[in-house]
Amino acid sequence: MRKQLLSPAMWCILQLQDWLSLDDSLPHPDDPSQERINVPAILPWYWRYRMPLPLESLLEATSLRDRVHRLISEAGREV
């Protein structure tokens, strides 16, 4: 992620599950297939991500927020 953020590209788009993986204190599914975003054999499940925690948990995840802020700052991508 750091290398992608440091690239000279105008845009850097990272998936939510990559950001969430930065904090081990957040719940992660025991089965990695639960976080799969593409199940082509099942019609209504094309390209969807099932977030394993409520949004309120992200508000309380100060260590994740600090780490994301630090990565973005170090890359000079702050607004």
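Student: Which residues is arginine 48 in contact with, leaving aside its neighbours within four places in sequence?
Tutor: Arginine 48 is in contact with Arg36 and Ile37, once neighbours within four places in sequence are left aside. Contact means heavy atoms within 4.5 Å. This is a predicted model: local features need pLDDT of at least 70, side-chain atom pairs count only at pLDDT 80 or more, and totals for chains, interfaces and linings use all residues. Residues are numbered from 1 along each chain as its sequence is written, and side-chain values use heavy atoms, with hydrogens and water left out.

Student: Where is arginine 48 found?
Tutor: In the loop between α2 and α3. Helices are DSSP runs (H or I, at least four residues), numbered from the N terminus.

Student: And why does arginine 48 count as partly exposed?
Tutor: Because its relative accessible area is 43%. Buried is under 20%, exposed is over 50%, and partly exposed is in between (1.4 Å probe, protein chains only).

Student: How far apart in space are arginine 48 and arginine 67?
Tutor: They are 26 Å apart, C-alpha to C-alpha. In sequence, 19 residues separate arginine 48 from arginine 67.

Student: New topic. How many salt bridges does the count come to?
Tutor: One. A salt bridge is a side-chain nitrogen of Lys or Arg within 4 Å of a carboxyl oxygen of Asp or Glu.

Student: Which side chains meet in the salt bridge?
Tutor: Those of glutamate 74 and arginine 2, at 3.6 Å from N to O. Glutamate 74 lies in helix α4 (residues 62-74) and arginine 2 in helix α1 (residues 2-6), so the pair ties together parts 72 residues apart in sequence.

Student: Is glutamate 74 buried, exposed or partly exposed?
Tutor: Glutamate 74 is partly exposed, at 47% relative accessible area. Arginine 2 is partly exposed too, at 45%.

Student: What about the inside? Which residues make up the largest nonpolar core?
Tutor: The core has 12 residues: Leu5, Leu14, Trp19, Leu20, Leu22, Leu26, Leu53, Ala61, Leu64, Val68, Leu71 and Ala75. A nonpolar core is a set of buried Ala, Val, Leu, Ile, Met, Phe, Trp, Tyr and Cys residues joined through side-chain atoms within 4.5 Å.

Student: Which helices supply at least two residues of this core?
Tutor: α2 and α4 each do. The largest share, three residues, comes from α4.

Student: Pick leucine 71. What does it touch?
Tutor: Leucine 71 touches Arg2, Leu5, Trp19 and Leu22, not counting residues up to four places away in sequence. Arg2 is the arginine from the salt bridge with glutamate 74.

Student: Now glutamine 17. Buried or exposed?
Tutor: Buried, with a relative accessible area of 16%. Glutamine 17 sits in helix α2. Beyond neighbours within four places in sequence, glutamine 17 is in contact with Glu35, Ile37 and Tyr49. Ile37 is also in contact with arginine 48.

Student: Which helix holds leucine 59?
Tutor: Helix α3 (residues 55-60). Leucine 59 counts as exposed, at 66% relative accessibility. Its C-alpha is separated by 27 Å from that of asparagine 38, 21 residues away along the chain.

Student: And where is leucine 58?
Tutor: In helix α3 as well. Leucine 58 is partly exposed, with a relative accessible area of 23%.

Student: What is leucine 58 in contact with, leaving aside its neighbours within four places in sequence?
Tutor: Leu20, Leu26, Met51, Leu53 and Leu64. Leu20, Leu26, Leu53 and Leu64 are among the residues of the largest nonpolar core.
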